Structures are given as structure tokens and as C-alpha cells.
Amino acid sequence: MSIKKISKVQPELFEFTNENLEKANIEIKKYPKDRKASAVLALLYLVQNQNDNWIPLSGIKYVASLLGMSYIKVYEVATFYSMFNLSPVGKYFVQVCTTTPCMIRGAKKIIDSCKKNISQNQNELSENKLCSWTEVECLGACVNAPMMQINQDYFEDLNETRVDEIIQQLLRDEFPSPGSAKNRKNNAPENGKTTLIDIKNA
Ligand code: FES
């Protein structure tokens, strides 16, 4: 589990754009007036989207004031969930799953590739500032382990060679094709079988 790193450099103020304020109000109206706090995840996500994929402390304060919550309660939420970044990340943000199924299937090699190609430590930008990486807990694609998420896309059934290729593409400012490195469709069997009937003694 990675430790949340809070950026030392912080903007003083954060406010939603008009468009995001409208979206925030739509989220808030989904809940009873005395349960506005239920919109906290949606609002933090909007802050992150507006602020180059990370949430400044001023964004946490802003959400707290919009929802009538204490700053510390919103801070607790923002620091708990791994989808929220509290310091700047690269244009290409690589999240490597290191929970048991992925670890058994080779996640350590993905981490080694990130260290070699992006930065020695997680949550640091690559030299050209385009990429950063971090370890995360299960991303719900265990059947296609090992896997990693880059921005909004999943890259699955990975091996060392494919991970090196993917990261090199990112460093050239190109976005690689997501999905299975073994060309599996979703999590269908590798050889195209759809039933167990053809397998002897299945
Ligand atoms: S353990 Fe890696 S996706 Fe579930």
C-alpha cells in the first residue's frame, strides 16, 4: 500500500469553474438536504479532474465548505481512497496493482520496469515530467493479472517486455493500446474456447 504524499507546493485558492459548479450542484441535489455530505466523493473527483489529476488542500477546504462538512472529515476521505492524488502526477499516471493475485502473477516485474523507466521512487515524475507511477491495491481485474491502470484505461495480462514497451511509448508522449497483452477479449479464455465441452475430462 502506498503512502499518500501531500504536495509541499500548494495553490492558495481553489474554486470550481462555472461548469463544474453546475455539475457539483447536480450531485448535491441527488441527496436529502441534511445528507449533502454523501456527495463528497463525486465533488472530490470533480476537483481532481479540474486540477490536472490531483487535489490541492485548498480543494479539500472548498469541498468542505460547499457540503457543510469539517475540513478534517473531507481530508480523511481524500487521504483514504487511492483514486485521489494529493500531489501532482504525470500526464500519464501509471497505477500498478500489487495485491496478491497480481503479485503472484508477476507484479514485481512491473514495479521494476516503472523504477527503471519512470522514476526510482513512486509518486515522482519522470525526467521529462510526462509520467509518474504508484502502487495500488486490487483494481478488480484479478482474472487478467498482472495488470496496471494508466489514466482511465486498463492494461492486462502483462509481462516485462510489454510493460517496457508501454512505458517507452508513454515517455514519447504516445498513448499505447489498452487491454490484454495476450489479445484476450475481456477475460475470455486465451484460445478462444467458449465452453468446457471440447476439453477432455473437464
Ligand atoms: S489483485 Fe490485481 S486486479 Fe485484483
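**Salt bridges and a few other spots**

Searching the whole structure turns up nine salt bridges. Keep in mind that this is a predicted model. As a bit of background, side chains of opposite charge can pair when their charged atoms come close.

- E19 pairs up with K23 in a salt bridge, with 3.8 Å between the closest N and O atoms.
- Both E19 and K23 sit in helix α1, four residues apart, or about one turn of the helix.
- E19 counts as exposed at 53% relative accessibility, while K23 is partly exposed at 39%.
- Over in helix α7, R162 and E165 are three residues apart, so about one helical turn separates them.
- R162 and E165 form a salt bridge too, their closest N and O atoms being 3.0 Å apart.

**A salt bridge between helices**
- D164 and K116 meet through their side chains in a salt bridge of 3.1 Å, N to O.
- D164 belongs to helix α7 (residues 160-171) and K116 to helix α6 (residues 107-117), so this pair ties together parts 48 residues apart in sequence.
- K116 is exposed, with 58% relative accessibility.

**A buried asparagine**
- N20 is in helix α1 (residues 18-28), and N20 is buried, at 10% relative accessible area.
- Beyond its neighbours within four places in sequence, N20 is in contact with L46 and Q50.
- The side chains of N20 and Q50 are joined by a polar contact of 2.9 Å.

- L41, F80, Y81 and M83 make a nonpolar surface patch of about 390 Å².
- Y81 is in the loop between α4 (71-80) and β1 (92-97), and Y81 is partly exposed at 32% relative accessibility.

Terms used: Residues numbered from 1 in each chain as written. Predicted model: local features only at pLDDT ≥ 70, side-chain atom pairs only at ≥ 80, totals over all residues. Heavy atoms only, no water. Patch = residues over 30% accessible without salt bridge, like charges linked within 9 Å, V, L, I, M, F, W, Y side chains within 5 Å. Areas by Shrake-Rupley, 256 points an atom, 1.4 Å probe, with all protein chains shown as cover. Salt bridge = Lys/Arg side-chain N within 4 Å of Asp/Glu carboxyl O. Helix = DSSP H or I, 4+ residues; strand = E, 2+ residues; numbered from the N terminus. Buried < 20%, exposed > 50% of the residue type's maximum accessible area, 1.4 Å probe, protein only. Contact = heavy atoms within 4.5 Å. Polar contact = N/O pair within 3.5 Å; in protein donor to acceptor, adjacent residues only side chain to side chain.
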